[in-house]
Amino acid sequence: MKKLLTAVLLSASVVTGAFAAGGPSVPMADANIDADNKASLQRGARLYANYCLGCHGLKFQRYNRMGDDLGMDDELVKEHLMFTTNKVAETMDIAMPEREAATWFGQTPPDLSLITREKGIDYLYTYLTTFYVDESKETGVNNYAFPNASMPWVMWKLEGWKKPIYKEVDDHGKTVTKIVGYEQITEGEMSPEEFKSAMLDLTNFLHYVGEPIKQERVAIGLKVIAYLLLLFILSIFLKREFWKDVH
Ligand code: HEC
C-alpha cells in the first residue's frame, strides 16, 4: 500500500513537473516587462482589482504590503483596489465561495499568486492577449495559450472581440492548421496597442505578486528548523529517561 502510494505520488510529481517545465507546446509571445516600473505595477494592480479579483484571489498578498511595495498609501489602496474588505492588513481574497465558482464555470478559478512562477510571464501575457471568438464554446471564446479554457473573456469591453486567422502550415511533413494572427471584429475601448500594453502591466503586477512570498517562505523554513531542533532536544531527554533504569 505504502509503495503504491509512493508510486502514485512520484508519478504525479513527474507529470506536473514536466508540465511546469515544458509548458504548453505553442509558441508564446515575449512579455517584455519592467519589474522596477512602479507606474506599470500600479496600473496592473488596478486592472487586477477591477477585472480579476472577483474570481481569482491572491492568498499570499496583503493589501498594505502591496501598497508599500508599489508606492501607494493606505487611502489610495482603499480607494482604488479594495472592494471586498476595508482592512488593509487582509490578504486579497475573493468574495465568491470557491464551491459556487466551480458550479458556475465548471472549474474553480485558481488562485493566481504563483501563476508566473508556475507557467512563466510569457505564458500569462500570451494567455491574456489571445482570447478569441469561438461560437462552439459555452463562454463564446477560446484561448490560444490555454485551449478550451473555461474562463469567460472578462476584458472584452477594453479589447473588443477578435477572431483568429488560420493558415495551413507544414509540421514535420504533416499539414496542420495553425493560428497565425488575429483580426479585430469589434472595437474595444482601447486600441490593440494600448490593450497589449495594459496586459503587460497586468503581467508585471502578477510577476511582482509571485515574488514577495519569498520572505514568507524563509520565515516558515526557520520555524520548521526551530521546531525540529526542539523535537531533537526533547527526544534526547526522552532517551535519557528511558535508559535511566537500564544502566
Ligand atoms: C468570472 C470569473 C473570472 C474572472 C473575472 C477572471 N477569471 Fe481567470 N479563470 C476563471 C476560470 C473559471 C478559470 C479556469 C479555467 C479552466 O481551468 O478551464 C480561469 C483561469 C485563469 C488562468 C489560467 C490558469 C492556468 O492554469 O493556466 C489565468 C492565467 C487567469 N484565469 C487569469 C485571469 C486574469 C488575469 C483575470 C483578470 C483580467 C481573470 N483571470 C479574470 C474565471 C475568471
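This is a predicted model: local features need pLDDT of at least 70, side-chain atom pairs count only at pLDDT 80 or more; totals for chains, interfaces and linings use all residues.
**The iron site**

Two residues of the protein, His-56 through NE2 and Met-151 through SD, coordinate the iron atom of the ligand at 2.0 to 2.1 Å. The iron atom has six donor atoms, and the angles among them run from 87 to 178°, which makes the site octahedral. His-56 belongs to the loop between α2 (38-51) and β1 (58-62), while Met-151 belongs to the loop between β4 (141-143) and α8 (156-159); the pair therefore ties together parts that are 95 residues apart in sequence. Both His-56 and Met-151 are buried.

**The surroundings of the ligand**

The ligand takes up the space of the largest pocket. Two elements, α6 (115-119) and α7 (121-129), each give two or more residues to the shell around the ligand. The largest share is that of α7, with four residues. In total, 23 residues lie around the ligand, and those that come nearest are Cys-52, Cys-55, His-56, Tyr-123 and Met-151.

| Residue | Atom of the residue | Atom of the ligand | Distance |
|---|---|---|---|
| His-56 | polar side-chain atom | nitrogen | 2.7 Å |
| Tyr-123 | side-chain N or O | oxygen | 2.5 Å |
| Ser-150 | backbone N or O | oxygen | 2.8 Å |

Definitions and conventions
Residues are numbered from 1 along each chain as its sequence is written. Side-chain values use heavy atoms; hydrogens and water are left out. Donors are N, O and S atoms within 2.8 Å of the metal (3.2 Å for Na, K and Ca); water is not among the atoms, so sites may look incomplete. Four donors count as tetrahedral if all angles lie between 85 and 135 degrees; four count as square planar and six as octahedral if opposite donors are over 155 degrees apart and all others between 65 and 115; anything else is irregular. Buried means under 20% relative accessible area, exposed over 50%, partly exposed in between (1.4 Å probe, protein chains only). A residue is near a molecule or strand if one of its heavy atoms lies within 4 Å of it. A polar contact is a pair of N or O atoms within 3.5 Å; within protein, one must be able to donate a hydrogen and the other to accept it, and residues adjacent in sequence count only if both atoms are side-chain atoms. On a 1 Å grid over the protein atoms alone, a cavity is a set of points where a 1.4 Å probe fits but cannot get out, and a pocket is an open set with protein on both sides within 12 Å along at least five of seven lines; lining residues have an atom within 4 Å of a point. A molecule sits in a cavity or pocket if more than half of its atoms lie within 2 Å of its grid points.
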